[in-house]
Amino acid sequence: MRIGRLFGIELYVNPFFLALLALFFVAGVLGRGLVAFGVVFIHEMAHALTARQLGVSLDEVELLPFGGVARASSELAVNPVREAYIAAAGPASNFAMFALGVAMKNYGFWHPGLGPFFLQCNLMVALVNLLPALPLDGGRIYRAFLAGKIGIREATYRAAGMGQLIGLAITIAGITGMWLGYCGLDIPVTALFILYASTRERRAAPFLFMQLIRHKQEELSREGFLPAAHLVAVESMPLGQLIRPFVPRSFHLITVLDNHYRYRGMVTETAVIGALLEKGADTPVGALVEGK
C-alpha cells in the first residue's frame, strides 16, 4: 500500500507489515506497533540517504516487518561494494537509535512502557538484519562478499538459500514458542515473510545476472575500458556453466582448449552471452571457435 513520497522516494507498506500492526492493535498495544513502524521507517531512510550520498538513485522503499526493501537502479544491483555500504546503513541506524534511547533514559526522557520496547525493537531489527541471508541487509553484505569470488548469480543463490533456511527455522521455532507460550504471532509472521522474500530473491537471480552483463557492456562503451578476468575452458563446456563464475566490474576473456588441452582460440564475454541467448545454455563453448 502506497503511503506517500519523501525525498523523491515512493513509500509503500507491505501487507505483512500491515498484518503485524493489526496484531498489535488487536492485542491492545497499538503504541508498540507505531514504535515498530517508526523504527523500520528510520531504518529504511538510512538506506535511502546513504544511497543518495553514494550517487545511487532509489526508486521506492517497501516497509516490511523486519526492515524493508529498497528498490534501486540497476547500478546498485551490479555494484556489490556500494550495495554493501547501503545495506550496512540500516542496522547502523538501529544501533544509533538504541544508543540514543539509552541516553534519553539516563537523562530522564523515558516512557516506562514504550521505552524498553523501543530499545528492544531497535536491537531486534538490527540483529535480524545482520543475518547473512537475503533479503536481509546481512544477506546483501554476504552476497557482495561472494560476488567477487563466484559471480553475482551464484552468490544470490547462496544468500537466498540461507534466507530460506533461516526463515523456515525461525518459523518452526516461532510456532513452537507460541505453543509453549514464549512468544506471540509476530515472530512466525515475520519468519514466513523472510521465507517468502528469500524465495523471490532466488527467482530473480537470472534477471540480476543479465542486468550485470548489460551494465558492464554500457560501462565498457562509456569508459572505454574495464579490468579483465581470464578463464580457461575446455571446448565441451556448456555456456550455461561457463557463465557461472562471471563477476561484476570485470570483462571476461575465455581461452578455449580442446579435449587434449591444446589451444583452440579465445572468445569474449560478449560472444558467450550472445551465443547463450541465441543458441541456448547447452551450447559448448567450442562452437564459438569453429573454423578458427
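**Figure 1. Leu288 lies in the segment after helix H11 (269–279).** The view comes from a predicted model. Is Leu288 buried or exposed? Its relative accessibility is 16%, so Leu288 counts as buried; the cut-off for buried is under 20%. Leaving aside residues up to four places away in sequence, Leu288 touches Leu239, Val267, Ala271, Val272 and Ala275. Leu288 and Ala88 are 200 residues apart in sequence. In space, their C-alpha atoms are 42 Å apart.

**Figure 2. Ser250 sits in the loop between helix H10 (239–242) and strand S6 (251–257).** This serine has a relative accessibility of 14%, and therefore Ser250 counts as buried. Which residues does Ser250 touch, not counting those up to four places away in sequence? They are Lys216, Pro227, Ala229 and Glu269.

**Figure 3. Tyr261 belongs to the loop between S6 and strand S7 (263–268).** Look at the backbone first. Phi of Tyr261 is near 65 degrees. That is a positive value, in a residue other than glycine. Now look at the surface. Tyr261 has a relative accessible area of 63%, so this residue is exposed. The cut-off for exposed is over 50%.

**Figure 4. A cis peptide bond runs from Leu134 to Pro135.** Omega of this bond is near 10 degrees. Where is Pro135 placed? It is in the loop between H5 and helix H6 (137–150).

**Figure 5. Helix H1 (residues 15–26) packs with H2.** Two packed helices are described by the angle between their axes and the distance between the axes. For H1 and H2, the axes come within 7 Å and cross at roughly 150 degrees. That makes H1 roughly antiparallel to H2, because angles over 145 degrees count as roughly antiparallel. The crossing of H1 and H2 is right-handed. From H1, the contact uses Phe17, Leu21, Phe24 and Phe25. From H2, it uses Leu30, Arg32, Gly33, Ala36, Phe37 and Val40. Sorted by class, the residues of this contact are 8 nonpolar, 1 polar and 1 charged.

**Figure 6. Helix H2 (residues 30–53) packs with helix H4 (residues 80–106).** The angle between H2 and H4 is about 140 degrees, and their axes are 8 Å apart. H2 and H4 are therefore oblique to each other. The crossing of H2 and H4 is right-handed. Which residues of H2 meet H4? They are Val39, Ile42, His43, Ala46, His47, Thr50 and Ala51. On the H4 side are Tyr85, Ile86, Ala87, Ala89, Gly90, Pro91, Ser93, Asn94 and Met97. The contact of H2 with H4 has 10 nonpolar and 6 polar residues, and no charged ones.

**Figure 7. Ala51 is part of helix H2.** Ala51 has a relative accessible area of 0%, so this alanine is buried. Not counting residues up to four places away in sequence, Ala51 touches Val56, Leu58 and Ile86. Take the pair Ala51 and Ile86. They are 35 residues apart in sequence. Their C-alpha atoms are 5.9 Å apart in space.

**Figure 8. H4 also packs with helix H5 (residues 114–129).** The axes of H4 and H5 come within 8 Å and cross at roughly 160 degrees. H4 and H5 are therefore roughly antiparallel to each other. H4 passes H5 in a left-handed crossing. On the H4 side, the contact residues are Pro91, Asn94, Phe95, Met97, Phe98, Gly101 and Val102. They meet Phe118, Leu119, Asn122, Leu123, Val125, Ala126, Leu127 and Asn129 in H5. By class, this contact has 11 nonpolar and 4 polar residues, with no charged residues.

**Figure 9. The protein chain holds 11 helices and 7 strands.** This last legend sets the close-ups in context. The C-alpha trace spans about 80 × 45 × 30 Å along its principal axes. How much of the chain is buried? Of its 292 residues, 47% count as buried. The chain exposes about 14,500 Å². Carbon and sulfur atoms supply 65% of that area. Residues 24 or more positions apart account for 62% of them.

Terms used:
Residues numbered from 1 in each chain as written. Predicted model: local features only at pLDDT ≥ 70, side-chain atom pairs only at ≥ 80, totals over all residues. Heavy atoms only, no water. Axes fitted to C-alpha atoms, helices over the stretch in contact; angles between N-to-C directions. Helix = DSSP H or I, 4+ residues; strand = E, 2+ residues; numbered from the N terminus. Parallel < 35°, antiparallel > 145°, perpendicular 65-115°, else oblique. Left-handed = near helix turned anticlockwise from the far one by under 90°. Contact = heavy atoms within 4.5 Å. Nonpolar A, V, L, I, M, F, W, Y, C, P; charged D, E, K, R; others polar. Buried < 20%, exposed > 50% of the residue type's maximum accessible area, 1.4 Å probe, protein only. Areas by Shrake-Rupley, 256 points an atom, 1.4 Å probe, with all protein chains shown as cover.
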